[in-house]
Amino acid sequence: MSYFDHNATTPLAPAAREAWLHAQDDAWQNPSGLYGIGARVKVRLEAAREQLAPLLGCAAARVVFTSGATEGANAVCAHLARTLLPGTLVAVNRTEHPCVLEAAKFFLGERVVWLEVDGNGVIATGQLEKLLASKGVGAVVVMAANNETGLLQPWRELARLCRRHHAAFFCDASQWLGKLPAAGLGEADWVIGSAHKFGGPKGVGFVLAAEGAQDFHAQHGGGQEHGHRAGTENFPGVASMVAALIEAETKKVLLETERLHWRETFERAVSTALPGVRMVGAGAERLWNTVSLILPHGENTRWVARLDKRGFQVSTGSACATAKDGPSHVLAAMGCSPEEARRMIRASAGWETTEMDWTKLVQALAEVSVEVKPAEAVIKI
Ligand code: PLP
């Protein structure tokens, strides 16, 4: 079985599993308890914050543990809506994950100005510069890496550009973390991440809050997370998430060049095996693990089902997409037609994926291509 859906969710990394079991066995008590053991869990929770912060290059006080990126996106957008001066606009990339798009629409409504992307999905920096120069924009929202296409946005440049124009920069790093080095992400004012995307457990993530945002509240209630997020702290989840990221940073991201080579070899082989196939975002830098293909013919759901029968799990796009969703908003923003979008499949590898798994996926695609015939060919038969 070859799992090629790591952008949806990843298996628990061994270090993360060990950290979780260890914490769940001997540090499961309430970190806010006034007894000694509670205080000891609190110390370990704070140590985890101190371990995470330097990986991203920021102060530990900016780290707020959450339940995942969706909570983070909602909390950051709600905070921007509450704190930006009346009339200030927020520039939002059209190809964000639905959790950012929908939170921005809900909390910021008419204040949203949409940022366009080019045919590869890269943000139109010219449009952004003009918007920032007009002085009406108080915040900019652009992800680090796209979940559907793997496209990398120039987030470092965007963070600096926003700083020069005194606009807050909010970066969803969910797909970047654990795949590429996290260093420097702390330059963004707001960052969100989700542990299960990088070998950690589900139901835990974090927000890097802007420097000095004392009034940031991801959830209201008790005073946990230094007053930034109410709710009993999930220390085993946090310990496991931090262990996963440390493992990725110290052992895995070093292999990035080799893995990129495997993806490129796969792309060349697939182009030969499936004449007429198109690689989404081929002209731009993308994650080493992600390939989005516009197949030459046939609905993507038919390809996914047939690949599944052969033991390959791929997806039709985003983790949240279901059959009732329309064609991908990401591909639409990149100028693809709805018909092309319905022919798109995404293969996203993990660190445990081998070069042979990629090779076998090419073979499986070639076999399925014969089974899923173009509509004309079916009629002729
Ligand atoms: N942001 C991106 C880029 C994602 O890919 C995802 C999940 O697919 C999320 C945010 C939401 O993460 P979660 O479902 O863990 O909250």
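## Two domains

The centres of domain 1 and domain 2 lie 27 Å apart, taken over C-alpha atoms. Domain 1 covers 2–9 + 254–372, while domain 2 covers 14–251; these bounds come from an automatic or database domain assignment.

A quick word on what you're looking at: this is a predicted model, where local features need pLDDT of at least 70, side-chain atom pairs count only at pLDDT 80 or more, and totals for chains, interfaces and linings use all residues. Residues are numbered from 1 along each chain as its sequence is written, and side-chain values use heavy atoms, with hydrogens and water left out.

## Where the domains meet

So who touches whom? On the domain 1 side, 31 residues are in contact with 29 residues of domain 2 (contact means heavy atoms within 4.5 Å). About 2400 Å² is buried between the two domains, and carbon and sulfur atoms give 56% of that. Buried area here is the accessible area (1.4 Å probe) that two parts lose on being put together, summed over both. In domain 1, the residues losing the most area to domain 2 are L287, H329 and M334, together 24% of what that side buries.

Strand 10 (290–294), helix 10 (329–333) and strand 12 (344–348) each supply at least two residues of the domain 1 side that touches domain 2. Helix 10 gives the most, with four residues. Helices (H or I, at least four residues) and strands (E, at least two) are DSSP runs, numbered from the N terminus.

Now for a sheet: seven strands form an open one in the order 2-8-7-6-5-3-4, with mixed pairing. Two strands pair if DSSP finds at least two bridges between them. Strand 2 (63–66) and strand 4 (112–115) each have a single partner strand, so one side of each is left without a neighbour in the sheet.

Strand 7 (residues 190–194) pairs with strand 8 (residues 205–208) in the antiparallel sense over four bridges. Within this pair, S194 stands opposite G205 in strand 8.
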